[in-house]
Amino acid sequence: MGVLPNNYEVPKSGSSDLFIKLEPGETKIRILDEPTLGYIYWKDKKPTRVKQPGDVPSGEDAKHFWFVPVWCNDRVSFLEISQKTVLSELAFLDSSDDWGGLDKHDVTIKRTGEGMETQYFVQPVPPKALSKQAKDTWQEMKKDYKPNNLFVEGGSVYAKSDDDDELPF
């Protein structure tokens with residue numbers, strides 16, 4: 001036996017709450033900024049993201065994705081969407097003269113089933129102003145948001161800069 005208790009588990013990173021997935025059930029989001037568009041493929045069980053389909057190596061199966069900051073559950077989070085049905089519905093809503101852009105209303109994405117039986121449904125919520133809390137939180141975080149780091153190995157899309165906490169050495 002080592003120095004750690006038998007039931008010890010390494011805590012998850014503090015930034016894990018920043019990234020969300022479309023879980024079973026309903027997820028209500030408001031898109032806060034332009035999506036970063038790209039293509040994702042898996043190499044050695046790790047995701048590799050590139051900007052253009054021509055950047056995907058020959059023979060690799062890549063999926064188109066959007067990476068976007070969202071307001072969800074009263075906080076700013078980051079969401080990667082690669083499900084074609086969700087992307088198609090969101091693009092349709094964004095181009096709709098009746099609904100306006102995705103920044104003008106929330107959408108609810110419902111996930112049902114599992115594995116090959118998974119289905120997604122997108123439902124727009126009537127347009128309304130973004131809350132002051134959401135606007136203020138996003139404005140504070142936006143300066144540290146670097147979406148192009150998705151395309152850099154080991155890059156971090158969000159790293160809070162603490163200008164007041166500079167080291168004295």
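Q: Two strands pair if DSSP finds at least two bridges between them, so what makes E2 and E7 a pair in this structure?
A: Keep in mind that this is a predicted model. E2 and E7 are joined by five bridges, in the antiparallel sense. The cut-off is at least two, so E2 and E7 count as a pair. To find a spot on your screen, look at Thr 27, which stands opposite Ile 109 in E7.

Q: How do you know that E2 and E5 pair as well?
A: Two bridges join E2 to E5, and these strands run antiparallel. At least two are asked for, so E2 and E5 qualify. Here Ile 31 stands opposite Val 70 in E5.

Q: Why is the set of residues around Ile 29 called a nonpolar core?
A: The name needs buried residues of nonpolar kinds, joined through side-chain atoms within 4.5 Å. Ile 29 belongs to the largest such core, which has 19 residues, and is listed with Val 70, Leu 79, Val 86 and Leu 90 as touching the most other members. At least two residues each come from E2 (25-31), E5 (63-72), E6 (75-81), helix H1 (84-95), E7 (107-112) and E8 (119-124). A second, separate core of 16 residues includes Ile 40, Phe 65, Tyr 145 and Tyr 158.

Q: What makes Val 70 and Leu 79 contacts of Ile 29?
A: Contact takes heavy atoms within 4.5 Å. Leaving aside residues up to four places away in sequence, Ile 29 touches Val 70, Trp 71, Cys 72, Leu 79, Asp 106, Val 107 and Ile 109.

Q: Why do Ile 40 and Glu 80 count as lining residues of the largest pocket?
A: A lining residue has an atom within 4 Å of a pocket point. The pocket has a volume of about 910 Å³. E4 gives the most to the lining, four residues, and the lining as a whole divides into 15 nonpolar, six polar and 10 charged.

Methods: Residues are numbered from 1 along each chain as its sequence is written. This is a predicted model: local features need pLDDT of at least 70, side-chain atom pairs count only at pLDDT 80 or more; totals for chains, interfaces and linings use all residues. Side-chain values use heavy atoms; hydrogens and water are left out. Buried means under 20% relative accessible area, exposed over 50%, partly exposed in between (1.4 Å probe, protein chains only). On a 1 Å grid over the protein atoms alone, a cavity is a set of points where a 1.4 Å probe fits but cannot get out, and a pocket is an open set with protein on both sides within 12 Å along at least five of seven lines; lining residues have an atom within 4 Å of a point. Grid points are joined across faces, edges and corners, and a volume is the space filled by probe spheres set on the points. Ala, Val, Leu, Ile, Met, Phe, Trp, Tyr, Cys and Pro count as nonpolar, Asp, Glu, Lys and Arg as charged, and the others, Gly among them, as polar.
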